[in-house]
Amino acid sequence: MMDNKPCVLIVEDEHNILSFMRTVLQANGYRVIEASDAAQALNMIPSHLPDLMILDLGLPDADGMDVIKSVRSWSRMPILVVSARDQERDKVTALDLGADDYVTKPFGTSELLARIRTELRHAQTISSQEEAFVSGDLTVDFFRRRVFVGDQEAHLTQNEFRIVTALARNAGRVMTYDQLIAEVWGPNALSDNQILRVNMANIRRKLEKNPAAPRYIITEIGVGYRMNEG
Amino acid sequence: MVRVMRVNNMKQHTAVSDALIFLLTMAAAVGASLPLKLVRDGGVYMPMIFLAAVLFIARFTSGYIYGAASAVGGILWISYMFRQPYYEFDFLYGDLVMFACMLAVALQTSRMTQQLREQEGAYAEAERERVRGNLLRAVSHDLRTPLTSILGATSAILENGDALTSERRTELIRGVYEDSEWLIRMVENLLLITKVEGAAQIVKRSEAVEEVVAEAVAKFQKHYPDSVIEVSAPEDLLMVPMDALLIEQVLFNLLENAVLHGRAKRIELNVLRSDGEAVLEVRDDGRGLQKADFPHLFDGYMGRVERASSDDSRNMGIGLSVCLSIIQAHGGRMEAKNVRPSGALFRFTLPMEEADDGQ
């Protein structure tokens, strides 16, 4: 029975923080394995094959980035990065290297659990097979390429639709500016996020009641955007 | 890079204005001297005019060059126009004495000007030190209280765990939770101050104001779920160069002030555009600001007196002084006032052009 629990690897060198995360995860039905540095983590992953890794970017021995790169070279295991508030750039680098999402220290337990649930769900379902995304009044119909707010159709341009689709397929998970730009304008597009901002402003004016208090597409300042889940 | 360029610009700027002061003053002195040509023995009054010009130039230009140059220019002009033989340079012993006097005045005045400037700099530095000291005192004081209560609560739980009822234990733990939350926000603010102090470290990027506002409000409502905030922003997308995390913190602090200090029920957050700058205002319907608070509103002293009796006002002063430092580092302005029928209004501006920065 115990083996059916999802296994989470926590890579964290602060003992108290590790202990608090372990307690919370175990209490919520996860099996927890622990590593206190990058080398140990890289040793453990192939033998334990955890379902998800929580990785602190402030590790003492090696760069958390190396762990991400190394894991991403052979595994699509979800990686949740933990960073301090002023490590904004590291966060973005980690995400662009292939980490799936992040939580910022200090974080609450509900936030941590929500991120883990989202990642585990994304890892299980192949999102391209879903027909539509629904969150509150918002419906994104991937096949018919239409977006509705309530029963009103929102008329999005081609690029706006691509942005909304990318966010909806990754609902609940942050997408960096660069990831979105690559998704919409292709991998070789200049990473000028100005155009993305303008598109986003237009999308918000079409989808949100009050663009300054958005319900569906949330800004992660300095990082990117996140579609709220239903 | 941008900073270095600005410093150079400023140097050029003072060089240009120094030359201008020199030329205009000399022209004025020459102009004033011409009528004396018509007066008999007018030449006698000449040195007075040029002495005044030398004094003025030495006082309002930097360095010794312009003062000395004006003394030389003055003596040449006097010898050329007002000494026989007229219209040629011919120096008498008296001219040399006069020249020595003018030069002495020029050099002494330049030196005094220099000293004055240095003193002003030292005074400003001392003032900054004083503000920093106040802040440090205020912070240490503010940190001690929640830490004491955390220590007390946790040791109570550790030592009497079994004897406590579960409600009692939950209450203690909730206290620890709230105090830690508060401490974290305080520390974030302090980190921001150190970041802002060296203005060079502020990295501004063009950001959509509505996104920053939305993020600040969302974060605030996570901490204060009962608060009612109405946001309005212009229809056009407003892009402003800023450090978005810092501005987000400013908005968070202002909103928190409105709730904790102003006891506001309803808060309005308005984004406006006025020429060349974005204007953001936080208006609440709370009890407003005390008249006595105004002089210390932004310097870390705010709420210090009341704090002894009611702890809801803690953090107010530091929060506001962080706000002010951040806005100033962006080249913006910040103001506070009371509004009718009740409540406070905090308003700050952010220049939309990078060039307006800091000036």
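In chain A, the C-alpha centres of domain 1 and domain 2 sit 27 Å apart. The model is a predicted one, in which local features need pLDDT of at least 70 and side-chain atom pairs count only at pLDDT 80 or more, while totals for chains, interfaces and linings use all residues. Residues are numbered from 1 along each chain as its sequence is written, with chains lettered from A and ligands numbered from 1 in the order in which they are written.

Domain 1 of chain A runs over 2-124 and domain 2 over 128-227, with bounds that come from an automatic or database domain assignment. Between them, 10 residues of domain 1 of chain A are in contact with 8 residues of domain 2 of chain A (contact: C-beta atoms, placed from the backbone, within 7 Å). On the domain 1 side, α4 (88-97), β5 (101-104) and α5 (109-124) of chain A each bring at least two residues; helices (H or I, at least four residues) and strands (E, at least two) are DSSP runs, numbered from the N terminus. The largest share of that side, 5 residues, belongs to α4(A). By class, the side splits into 3 nonpolar, 2 polar and 5 charged residues (Ala, Val, Leu, Ile, Met, Phe, Trp, Tyr, Cys and Pro are nonpolar, Asp, Glu, Lys and Arg charged, and the others, Gly among them, polar).

Now for a helix of chain A. Helix α2 (residues 38-48) of chain A has A:A38, A:A41 and A:I45 as its buried residues. Those residues span an arc of only 50° around the axis, so they lie on the same side of α2(A); the arc is taken from the directions from the helix axis to the C-beta atoms. They pack against β1 (7-11), β2 (31-35) and α3 (64-72) of chain A. The face turned away from the buried side of α2(A) holds the exposed residues A:N43, A:P46 and A:S47. Buried means 20 or more other C-beta atoms within 10 Å of a residue's own, exposed means 12 or fewer, and partly exposed is in between, with C-beta atoms placed from the backbone. After α2(A) comes A:L49, with a positive phi near 45°.

Chain A also touches chain B, through 17 residues from chain A and 21 residues from chain B. On the chain A side, α8 (193-207) and β11 (217-220) of chain A are the elements giving two or more residues, and α8(A) gives the most, 4 residues. This side has 9 nonpolar, 4 polar and 4 charged residues.

Chain B itself contains 9 helices and 7 strands. Of its 359 residues, 32% are buried. Among chain B contacts between residues at least 6 apart in sequence, 69% link residues at least 24 apart.

Terms used
Contact = placed C-beta atoms within 7 Å.
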